[in-house]
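Here is a brief report on one protein model.

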Amino acid sequence: MDKAQQDALKKAAGIEAAKLIQDGMIAGLGTGSTVRFLVDELGRRVQEEGLKFTGVTTSRRTQEQAEGYGIKIVNIDDVDHIDITIDGADEVDKNFNGIKGGGAALLWEKIVAINSNKVVWIVDQSKVVDTIGKFPLPVEVIPFGNGQVIRKFEAKGYKPTLRLDAAGKPVLTDENDYVVDLHLGRIDHPQELAEDLIHTVGVVEHGLFLNMVDQVIVGDPAGPRTLI
Ligand code: 5RP
């Protein structure tokens with residue numbers, strides 16, 4: 001599948017998921033190229049159909065895009081609930097465990113997700129896998145002592161790499177943290193790995209999203225389909 005085909009599937013999933021947002025809702029808006037299509041469609045509905053909803057965003061990027069359409073965005077601490085959050089994912093398996101953080105927004109994404117009544121992921125079909133782990137697992141670490149954390153990961157065989165930008169500088173998250181990607185190949189015991197990572201001092205959060213999604217909308221050449 002080339003990029004244009006993949007984008008078409010992402011767009012179809014985003015447009016399908018936008019139908020879940022109704023007047024008066026408080027909606028979490030994820031991050032990434034698939035969510036961009038979702039926000040484009042929500043922006044269209046706001047401008048052409050008068051849809052009125054309030055958004056809570058998982059990154060500054062998404063906030064800027066949404067506000068550009070006139071979508072009202074509020075701070076997560078200023079809402080008493082989030083009706084639904086729609087986000088992308090990098091991989092999802094048959095147990096609906098996923099990897100997120102390819103766009104370095106995993107921390108805010110996880111905070112928004114755990115505070116949402118319903119979580120929906122939108123993915124193209126290439127992201128539905130038997131076993132997660134081919135996609136490098138992002139881990140958000142604080143800059144201080146990141147080299148020590150990386151050494152610990154190396155010793156455990158996690159094959160870590162510090163994520164760098166085009167200029168060779170560490171990619172910074174919206175919290176000014178670094179991202180370390182673990183090249184694991186496959187993750188057979190995600191729960192155990194999640195426990196190990198979150199108990200490593202210096203790790204802020206990891207991109208394993210386990211038992212956190214209620215519905216997955218897959219962009220498929222035959223049309224968007226729902227997995228749960
Ligand atoms: C950002 C994420 C994204 O949702 C994930 O990387 C999917 O991105 P895309 O829709 O661009 O493939 O977790 O941190």
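Two residues are in contact if their C-beta atoms, placed from the backbone, lie within 7 Å. By that test, among contacts between residues at least 6 apart in sequence, 74% join residues at least 24 apart. The model is predicted.

**Overall fold**

The protein has 6 helices and 14 strands. Its C-alpha atoms fill a box of roughly 55 × 40 × 35 Å along the principal axes. How does the radius of gyration fit a compact globule? For 228 residues such a globule would have a value near 17 Å, and the protein has 17 Å, which agrees. Buried residues make up 45% of the 228 residues.

**Domains**

The chain is divided into two parts, listed here.

| Domain | Residues |
|---|---|
| Domain 1 | 3-126 + 210-224 |
| Domain 2 | 137-203 |

The centres of domain 1 and domain 2, taken over C-alpha atoms, are separated by 25 Å. Their contact takes 12 residues from domain 1 and 11 residues from domain 2. Which element gives the largest share of the domain 1 side? Helix 4 (residues 106-114) does, with 3 residues. By class, the domain 1 side that touches domain 2 divides into 7 nonpolar, 4 polar and 1 charged.

**Ligand shell**

There are 17 residues around the ligand. Gly-32, Thr-34, Gly-88, Gly-102 and Gly-103 come nearest. Helix 2 (33-49) and helix 4 are the elements that give two or more residues to this shell. The shell has 4 nonpolar, 9 polar and 4 charged residues.

**Helix 3**

Helix 3 spans residues 60-68. Its buried residues are Thr-62, Gln-65 and Ala-66. An α-helix has 3.6 residues a turn, so residues three or four places apart point the same way.

On the other side of helix 3, Arg-60, Glu-64 and Gly-68 are exposed. What covers the buried residues? The cover includes strand 1 (26-29), helix 2, strand 2 (54-57) and strand 3 (72-73). Just after helix 3, Gly-70 takes a positive phi of about 85°.

Definitions and conventions:
Residues numbered from 1 in each chain as written. Predicted model: local features only at pLDDT ≥ 70, side-chain atom pairs only at ≥ 80, totals over all residues. Helix = DSSP H or I, 4+ residues; strand = E, 2+ residues; numbered from the N terminus. Rg over C-alpha atoms; globule rule 2.2 N^0.38 Å. Buried ≥ 20, exposed ≤ 12 C-beta atoms within 10 Å, placed from the backbone. Domains from an automatic or database assignment. Nonpolar A, V, L, I, M, F, W, Y, C, P; charged D, E, K, R; others polar. Near = placed C-beta within 6 Å.
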